[in-house]
Amino acid sequence: MAYADYAFYKDVYLGNVATEEEFPRIAERASEIIDVLTYNRITNELMNSDETLANKIKKANCALAEQIHYEETAISNNSNGNISSIKAGEETITYTQSNSSSYLEQKERYMSALTNISKYLIGTNLLYLGFRR
């Protein structure tokens with residue numbers, strides 16, 4: 001289940017990149033990536049217990065959904081090149097000609113996603129990799 005809906009995306013996040021038709025799909029994909037990067041720590045109980053944290057999670061979901069939108073658009077517009085970087089603020093997409101393996105491409109996407117959501121989730125302990133007693 002996606003953490004943010006289209007109404008949140010338009011009215012709170014103030015997004016204007018994704019359409020209402022495509023947002024549920026890319027938000028769902030973004031939520032799946034967020035779950036991986038947060039070690040499945042986000043629960044319904046957590047979302048319902050802390051509104052400030054829930055809004056941060058939803059904003060991270062929107063930011064990552066836009067990143068997925070940019071990646072898909074770039075791939076469909078330039079099937080010969082690989083995306084080497086994406087900057088959501090000013091919509092900058094950089095392409096490279098590369099023969100990198102799918103593992104490296106996937107790693108690059110996850111690192112880019114982690115960087116993108118960190119501005120919202122840093123300090124929440126959701127990205128904490130260590131052990132807690």
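Visitor: Where is the place of Asn40?
Guide: We are looking at a predicted model, in which local features need pLDDT of at least 70 and side-chain atom pairs count only at pLDDT 80 or more, while totals for chains, interfaces and linings use all residues. Residues are numbered from 1 along each chain as its sequence is written, and side-chain values use heavy atoms, with hydrogens and water left out. Helices (H or I, at least four residues) and strands (E, at least two) are DSSP runs, numbered from the N terminus. With that in hand, you will find Asn40 in the loop between H2 and helix H3 (44-49).

Visitor: Is Asn40 buried or exposed?
Guide: Here buried means under 20% relative accessible area, exposed means over 50%, and partly exposed is in between (1.4 Å probe, protein chains only). Asn40 has a relative accessibility of 58%, so it counts as exposed.

Visitor: What is the phi of Asn40?
Guide: Most residues other than glycine have a negative phi. Asn40 is not a glycine, yet its phi is positive, at about 55°.

Visitor: In what order do the elements of the protein run?
Guide: The secondary structure comes to five helices and two strands. Read from the N terminus on, the order is α-α-α-α-β-β-α.

Visitor: How are H2 and H4 placed relative to each other?
Guide: Axes are lines fitted to C-alpha atoms, for helices over the stretch in contact, and angles run from 0 to 180 degrees between N-to-C directions. H2 (residues 23-37) and H4 (residues 51-77) pack at about 115°, with axes 8 Å apart. Angles under 35 degrees count as roughly parallel, over 145 as roughly antiparallel, 65 to 115 as roughly perpendicular and the rest as oblique. The two helices are therefore roughly perpendicular.

Visitor: How many nonpolar residues are in the contact of H2 with H4?
Guide: Contact means heavy atoms within 4.5 Å, and the residues involved include Phe23, Ala30 and Ile33 of H2 and Ala60, Leu64 and Ile68 of H4. Ala, Val, Leu, Ile, Met, Phe, Trp, Tyr, Cys and Pro count as nonpolar, Asp, Glu, Lys and Arg as charged, and the others, Gly among them, as polar. Beside three polar and three charged residues, the number of nonpolar ones is 11.

Visitor: What is the angle between H4 and H5?
Guide: Residues of H4, among them Ala60, Leu64 and Gln67, meet residues of H5 that include Ala113, Asn116 and Tyr120. The axes of the two helices lie 8 Å apart, and the angle is about 145°.

Visitor: Which residues does Asn116 touch, not counting those up to four places away in sequence?
Guide: Asn116 lies in helix H5. At 9% relative accessibility, it counts as buried. Its partners are Ala63, Leu64 and Gln67.

Visitor: How far apart in space are Leu64 and Ile117?
Guide: Leu64 lies in helix H4 and counts as buried at 1% relative accessibility. Leaving out residues up to four places away in sequence, Leu64 touches Ala30, Ile33, Ile34, Ala113, Asn116 and Ile117. Leu64 and Ile117 are 53 residues apart in sequence, but C-alpha to C-alpha they are separated by 6.7 Å.

Visitor: What kind of aromatic pair do Tyr13 and Tyr120 form?
Guide: Rings of Phe, Tyr and Trp (its six-membered ring) pair if their centres lie within 6.5 Å; planes under 30 degrees apart count as stacked, over 60 as edge-to-face and the rest as tilted. Tyr13 lies in the loop between H1 and H2 and Tyr120 in helix H5 (residues 102-121), so the pair ties together parts 107 residues apart in sequence. At 6.5 Å centre to centre and 55° between the planes, the pair is tilted.

Visitor: Which residues form one aromatic cluster?
Guide: A search of the whole structure finds five aromatic pairs. One of them joins Tyr6 and Tyr9, 5.8 Å centre to centre. The cluster consists of Tyr6, Tyr9, Tyr13, Phe23 and Tyr120.
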